[in-house]
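Colleague: I would like to go through this model with you and ask, for each term, what makes it apply.

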Amino acid sequence: MADESDDQLAMKAAAGCRQSFALLVSRHYDRVYRLAWRWCGSRTDAEDVAQDVCVKLARAIKSFRHEASVATWVYRIAFTTATDKLRARQRMMPLAPSDMQALTDAADVATPESRAVDADLWASVRALPDQQRDAVLLVYGEDMSHQEAALLMGCTEKTVSWHLHAARKRLKIELEAVG
């Protein structure tokens with residue numbers, strides 16, 4: 001069963017095979033959790049989102065149409081669930097990022113001070129307007145191409161590029177005001 005493709009597991013899960021569903025979820029859980037953490041910024045909220053995604057997957061597996069890959073479908077559910085959670089909180093945090101490059105360096109952070117700066121940076125990004133925030137988190141945080149981000153956001157690549165440009169501009173203005 002472990003050597004089966006995601007599509008095969010999804011078909012078996014849709015037919016009621018719990019083992020296939022469990023394996024499918026385990027294959028994608030870490031990516032779902034990472035996305036949820038980037039959007040929500042806290043372990044508790046990320047765990048809640050990841051659990052909500054698992055429940056949604058269980059309810060929706062029978063309706064999966066195989067028009068996209070299972071990974072894209074799972075990621076879309078995770079993306080929607082995380083953004084819904086963030087919107088529900090409606091918490092705005094002050095902008096104070098050091099630079100956009102730090103987003104891609106998050107995995108290499110080694111010191112407590114660097115981790116604190118990184119946490120502040122992600123909090124600042126989460127405070128951007130929804131579309132700008134989503135574009136930044138998908139492209140810089142999740143290392144997606146503009147095309148992949150556009151697919152998840154339901155817009156064009158040019159729109160993603162525009163949102164990234166607007167986010168950089170907004171963050172730059174905020175940095176100049178802070179500095």
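Colleague: What makes H1 oblique to H2?

Modeller: The axes of H1 and H2 come within 8 Å and cross at roughly 140 degrees, where axes are lines fitted to C-alpha atoms, for helices over the stretch in contact, and angles run from 0 to 180 degrees between N-to-C directions. Angles under 35 degrees count as roughly parallel, over 145 as roughly antiparallel, 65 to 115 as roughly perpendicular and the rest as oblique, and therefore H1 is oblique to H2. Helices here are DSSP runs (H or I, at least four residues), numbered from the N terminus.

Colleague: Where do the values come from, and how are residues numbered?

Modeller: This is a predicted model, in which local features need pLDDT of at least 70 and side-chain atom pairs count only at pLDDT 80 or more, while totals for chains, interfaces and linings use all residues. Residues are numbered from 1 along each chain as its sequence is written, and side-chain values use heavy atoms, with hydrogens and water left out.

Colleague: What makes H7 oblique to H8?

Modeller: H7 and H8 pack at an angle of about 135 degrees, with their axes 9 Å apart, and therefore this pair is called oblique as well. In contact, meaning heavy atoms within 4.5 Å, Gln131, Asp134, Ala135, Leu138 and Val139 of H7 meet His146, Ala149, Leu152 and Met153 of H8.

Colleague: Why is Asp143 called exposed?

Modeller: Buried means under 20% relative accessible area, exposed over 50%, and partly exposed in between (1.4 Å probe, protein chains only). Asp143, found in the loop between H7 and H8, has a relative accessible area of 68% and is therefore exposed.

Colleague: Why does His66 count as partly exposed?

Modeller: His66, in the loop between H3 and H4, has 33% relative accessibility, and so it counts as partly exposed. His66 also has a positive phi of about 60 degrees although it is not a glycine, and Asp143 has a positive phi of about 55 degrees. Most residues other than glycine have a negative phi.

Colleague: What makes a set of residues a nonpolar core?

Modeller: A nonpolar core is a set of buried Ala, Val, Leu, Ile, Met, Phe, Trp, Tyr and Cys residues joined through side-chain atoms within 4.5 Å. The largest one has 45 residues, and those with the most contacts inside it are Trp39, Leu57, Leu138 and Val160. H4 gives the most to this core, with nine residues.

Notes. Helices (H or I, at least four residues) and strands (E, at least two) are DSSP runs, numbered from the N terminus.
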